Protein chains: 2
Amino acid sequence: MEWISKSNILIVGLGLMGGSYAKALKRLGYHVTALARRQETIDYALANRIIDEGATGTDADLISRADAVIFALYPHVFTEWIRENQQFLKPGALLTDVTGVKRCIVYDIQSMLRPDVEFIASHPMAGREVYGVENSDDRIFREANYIVTPTAKNTPEAIEWCRSLGQILGFRKVSILTPEEHDEMIGFLSQLTHCIAVALMTCSDNRHLVDYTGDSFRDLTRIARINDAMWSELFLLNRDDLLRQMDLFIGEFRELRDLLASEDEEGLREKMRLSTERRAYFDL
Amino acid sequence: MEWISKSNILIVGLGLMGGSYAKALKRLGYHVTALARRQETIDYALANRIIDEGATGTDADLISRADAVIFALYPHVFTEWIRENQQFLKPGALLTDVTGVKRCIVYDIQSMLRPDVEFIASHPMAGREVYGVENSDDRIFREANYIVTPTAKNTPEAIEWCRSLGQILGFRKVSILTPEEHDEMIGFLSQLTHCIAVALMTCSDNRHLVDYTGDSFRDLTRIARINDAMWSELFLLNRDDLLRQMDLFIGEFRELRDLLASEDEEGLREKMRLSTERRAYFDL
């Protein structure tokens, strides 16, 4: 497996996701290094044997020794990082990321990148409602999907390496989608659902109802605890797709509302039957 | 405890909820009888020792022996049943129900009821996505809320009896609300969330995305498998409250959409921070 040869792996950004990657890879025997913003993050990761080496800011030596680099950063920081530090990359290095949007990232990075290194984008669809390397946990990969989003510029070898990465990290399922397919999927399954949860929490002050909440409400709003810096950036980067999904949802929700307003019981039941039929498909 | 004296309990309607009540009460030593539509339901319940006696249709003898009657029927069937069968009720009998809407039921029933029996309304906020006595399970009460919704017509004794019923059934929390407070609460916490889940499933055919769904999406749409006969009836019976909640939600969701459309990052982040702050309150 090609993957085996990429044995020195640099993780840039050591938060929840970067830390979880580090834990999984170190356990598998890879030499894991990391760059983080704060020294205490590196100290914690070293003390807890999550990484083998680490530094803050730019460390040309660490970068130049990496066979593979995984970017676990906010999208805008990630692009800047490449611009400023790609000079230090080892020729032949493979680069991947964890970013939740793809179109706006992949083409830009690939077009600015040195020709002797390769960026193959991927998205681990895993997460928690907590942050930081202290909360990192590679068990979050077990039930999650890992999506590789190659473009025409990617080599079969890099695509295969990235697939293998998803597999060894322990993801339940590894898939390949175009950046466009990925962003449409994520707009619906993840971003639209987060918008719904947020709007449900903010549409009225319902804190007096806290005593009466059941599982349905808690399940529906669990994702309403949201990292505003990260998610606003992801929403804006996928703005066109997400707006389209939001408009479809508003239109449908309004239809349901109008069926209720006009006391159209059969119309309501038809919507519910369609919903039940479709949802059953998601339980197969 | 007044409750103790009501030892012969008739359950009218032996589905998931009626069956779960029967199991809990029989285990506690009450004499549990039931009326169901179908003979096979009664046969199953007798064979599995869920009830002590049962019959289909009207059984004047069974009704006349009951100290307490619990209605686990659809709202419209429930009102009809009272009209047709209240003549058989034992003087002094206490009546309660499991209906998910209150204003439209409670006052009508109380005004048509014989003066020597008393109806004290309640709502066990428990359920499953499956139906029928075969799936009944009184463990669903453990994490759930039980709401008693008295009116000015109710006696303190009946209210206390109904509270005790919720307690012995094993509910996590027993509360008292007016029918109006109840319907507002249920409009927001339960009906609005079901509308959202249904609209999310029906707004576009996203079955090709089934491979990529994560926990968030599954949690959010679990309740999109919905009993169309029951829920459409509940929605229509709480139409004014639910429409108000739906309009609040549409307005808020549209605000979020417009913030995204105008690329107002700070506005988006503010909504997310409010959402996070409120949701945290629900985790206390």
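In β3(B), B:Glu53 is the bridge partner of B:Thr33. This is a predicted model. Two topics follow: the sheet of chain B, then the contact between the chains.

**The sheet in chain B**

- Strand β2 of chain B covers residues 31–36 and runs parallel to β3(B), joined by four bridges.
- Both strands belong to an open sheet of six strands in chain B, with parallel pairing and the order β3-β2-β1-β4-β5-β6.
- β3 (53–56) and β6 (118–119) of chain B are the edge strands; each has a single partner strand, so one side of each lacks a neighbour in the sheet.
- Helix α3 of chain B, residues 39–47, lies across β2 and β3 of chain B. Its angle to β3(B) is about 170 degrees.

**The contact between chains A and B**

- Chain A gives 73 residues to the contact, and chain B gives 73 residues.
- On the side of chain B that touches chain A, the elements giving two or more residues include β9 (173–176), α8 (179–202) and α12 (265–281) of chain B.
- α11(B) supplies the largest share of that side, 14 residues.
- By class, that side of chain B has 40 nonpolar, 14 polar and 19 charged residues.

**Helix α7(A) against α12(B)**

- The axes of α7 (residues 179–202) of chain A and α12(B) come within 9 Å and cross at roughly 70 degrees. The two helices are therefore roughly perpendicular.
- The crossing of α7(A) past α12(B) is left-handed.
- From α7(A), A:Val198, A:Met201 and A:Thr202 meet residues of α12(B), among them B:Met272, B:Leu274 and B:Arg278.
- This helix contact has four nonpolar, two polar and three charged residues.

Conventions: Residues are numbered from 1 along each chain as its sequence is written. Chains are lettered from A and ligands numbered from 1 in the order in which they are written. This is a predicted model: local features need pLDDT of at least 70, side-chain atom pairs count only at pLDDT 80 or more; totals for chains, interfaces and linings use all residues. Two residues are in contact if their C-beta atoms, placed from the backbone, lie within 7 Å. Ala, Val, Leu, Ile, Met, Phe, Trp, Tyr, Cys and Pro count as nonpolar, Asp, Glu, Lys and Arg as charged, and the others, Gly among them, as polar. Two strands pair if DSSP finds at least two bridges between them. Axes are lines fitted to C-alpha atoms, for helices over the stretch in contact, and angles run from 0 to 180 degrees between N-to-C directions. Angles under 35 degrees count as roughly parallel, over 145 as roughly antiparallel, 65 to 115 as roughly perpendicular and the rest as oblique. A crossing is left-handed if the near helix is turned anticlockwise from the far one by less than a right angle, and right-handed if clockwise.
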